[in-house]
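Me: I would like to go through this model by question and answer. Please keep it brisk.

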Amino acid sequence: MPSRADVTVAVVIAVLQVAGSPPANSHQPLTVPLDAFAYGLLVTGPVVLLLRRSYPTTVLLIVFAATATYTIRGYGYGPVFLSLIAAFLTAGTIGSRWRSYPLLGVGYVYFGWVAPAVAGTG
C-alpha cells in the first residue's frame with residue numbers, strides 16, 4: 001500500500017502535468033492539440049508512481065513508455081517529464097542502478113532526437 005507521501009507526490013505530479021501541459025503545448029509550434037488520449041497518458045505516470053517503491057524498475061519502464069508515447073504522438077514537451085524524473089530517481093536510489101541508469105542515455109537520444117523527428121516537431 002502506498003504511503004501518504006507517495007500519494008501526495010503522485011497527486012502533485014498529476015496536477016502539475018495535467019494543468020501545465022496545455023499552456024506548454026500551446027506555446028510550441030507544430031505540436032498536436034491535446035486530446036483524451038494525451039490526458040490519459042499524462043495521468044498514467046502519476047498513477048503508476050503509487051507503486052514506485054515496490055516495483056521501481058517496472059514503474060520506470062511503464063512511465064518511460066507512457067512518456068515516449070506522449071512525445072512520439074507529437075504532443076508538446078513540458079511537465080510530462082515530471083513522472084519520468086520521479087520514476088528514474090526512485091529506480092536509481094532504491095532499485096537497480098544497473099537497470100535504470102542505461103535508460104538515461106536511451107531517453108536522452110530518444111526524447112532529444114528520435115521522438116521530435118518521428119513526430120515532425122523537431
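The model is predicted, so local features need pLDDT of at least 70 and side-chain atom pairs pLDDT 80 or more, while totals for chains, interfaces and linings use all residues. Residues are numbered from 1 along each chain as its sequence is written, and side-chain values use heavy atoms, without hydrogens and water.

Me: Which element gives the most to the lining of the largest pocket?
Reply: A pocket is an open set of points on a 1 Å grid over the protein atoms alone, where a 1.4 Å probe fits, with protein on both sides within 12 Å along at least five of seven lines; lining residues have an atom within 4 Å of a point. Leu60, Phe81 and Tyr108 are among the lining residues. Helices (DSSP runs of H or I, at least four residues, numbered from the N terminus) H3 (56–72), H4 (81–94) and H5 (97–119) each give two or more residues. The most, 6 residues, come from H5.

Me: How many charged residues are in the lining of the largest pocket?
Reply: Asp, Glu, Lys and Arg count as charged, Ala, Val, Leu, Ile, Met, Phe, Trp, Tyr, Cys and Pro as nonpolar, and the others, Gly among them, as polar. The lining has 10 nonpolar and 2 polar residues. Charged residues: none.

Me: How is H3 oriented to H4?
Reply: Axes are lines fitted to C-alpha atoms over the stretch in contact (heavy atoms within 4.5 Å), and angles run from 0 to 180 degrees between N-to-C directions. The H3 and H4 axes lie 9 Å apart at about 155°. Angles over 145 degrees count as roughly antiparallel. Therefore H3 to H4 is roughly antiparallel.

Key. Parallel < 35°, antiparallel > 145°, perpendicular 65-115°, else oblique.
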